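Please look over the sequence and the model shown below before reading on. The paragraphs after them go through the fold step by step.

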Amino acid sequence: DPRALEAAIENTARMLKCLGHPVRLQILQLLQAEGELTVTQVYEALGIEQAVASQHLSLMRDKGILQRRREGVHVYYAIDDLRATKVLECIRSAAG
């Protein structure tokens with residue numbers, strides 16, 4: 001179905017555009033390595049401000065790349081779209 005293919009292309013382009021930022025790629029790499037993490041764990045691991053981490057995590061969740069889960073006062077993030085991990089695989093293979 002050409003319409004389904006076009007929709008898939010548009011969706012993938014949005015995901016790739018969202019991932020076109022070094023901090024977002026670092027977050028993705030961290031979540032792939034560690035699994036589900038809180039906002040605090042993300043910003044402390046990457047050495048960035050809490051507001052910066054929250055902004056990037058929210059954007060990636062809005063684009064369907066990450067999922068979010070609340071447990072009490074903590075918000076946990078994890079990878080939801082496994083296509084995003086393929087981007088990391090491409091980066092790793094390019095890095096040698």
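What follows moves from the overall layout to the sheet, then to one helix, and finally to a few single residues.

This is a predicted model, in which local features need pLDDT of at least 70 and side-chain atom pairs count only at pLDDT 80 or more, whereas totals for chains, interfaces and linings use all residues. Residues are numbered from 1 along each chain as its sequence is written, and side-chain values use heavy atoms, with hydrogens and water left out.

The secondary structure of the protein comes to five helices and three strands, where helices (H or I, at least four residues) and strands (E, at least two) are DSSP runs numbered from the N terminus. Read from the N terminus on, these elements follow the order α-α-β-α-α-β-β-α. Along its principal axes, the C-alpha trace spans about 45 × 35 × 20 Å. Of the 96 residues, 32% count as buried, a word that here means under 20% relative accessible area, with exposed meaning over 50% and partly exposed in between (1.4 Å probe, protein chains only). Among contacts (heavy atoms within 4.5 Å) between residues at least 6 apart in sequence, 53% join residues at least 24 apart.

The three strands form an open sheet in the order β1-β3-β2, with antiparallel pairing; two strands are said to pair if DSSP finds at least two bridges between them. The edge strands are β1 (37-38) and β2 (66-71), each of which pairs on one side only. Between β1 and β3 the antiparallel pairing runs over two bridges, and threonine 38 stands opposite tyrosine 76 in β3. Helix α4 (residues 50-62) packs on the sheet, where it touches β2 and β3, and its direction makes about 115° with that of β2. Helix α2 lies across β1, β2 and β3 and runs at about 90° to β3. For these angles, axes are lines fitted to C-alpha atoms, for helices over the stretch in contact, and angles run from 0 to 180 degrees between N-to-C directions.

In α5, Ala84, Thr85, Val87 and Leu88 are buried. Seen down the axis of α5, the buried residues fall within an arc of 145°, so they line one face of the helix, the arc being that of the directions from the helix axis to the C-beta atoms. What covers these buried residues includes α1 (2-18), α2 (22-34) and β3 (74-79). On the other side of α5, Lys86, Cys90, Ser93 and Ala94 are exposed. Just after the helix, glycine 96 takes a positive phi of about 90°.

How many disulfides are there? Taking a disulfide as a pair of cysteine sulfur atoms within 2.5 Å, the count comes to zero. Cysteine 18 is in no disulfide, since the nearest cysteine sulfur, that of cysteine 90, is 17 Å away. Cysteine 18 is buried, with a relative accessible area of 4%, while cysteine 90, at 53% relative accessibility, counts as exposed.

One more residue to look at is glutamate 10, found in helix α1. At 44% relative accessibility, glutamate 10 counts as partly exposed. Glutamate 10 and leucine 25 are 15 residues apart in sequence and 20 Å apart in space, C-alpha to C-alpha.
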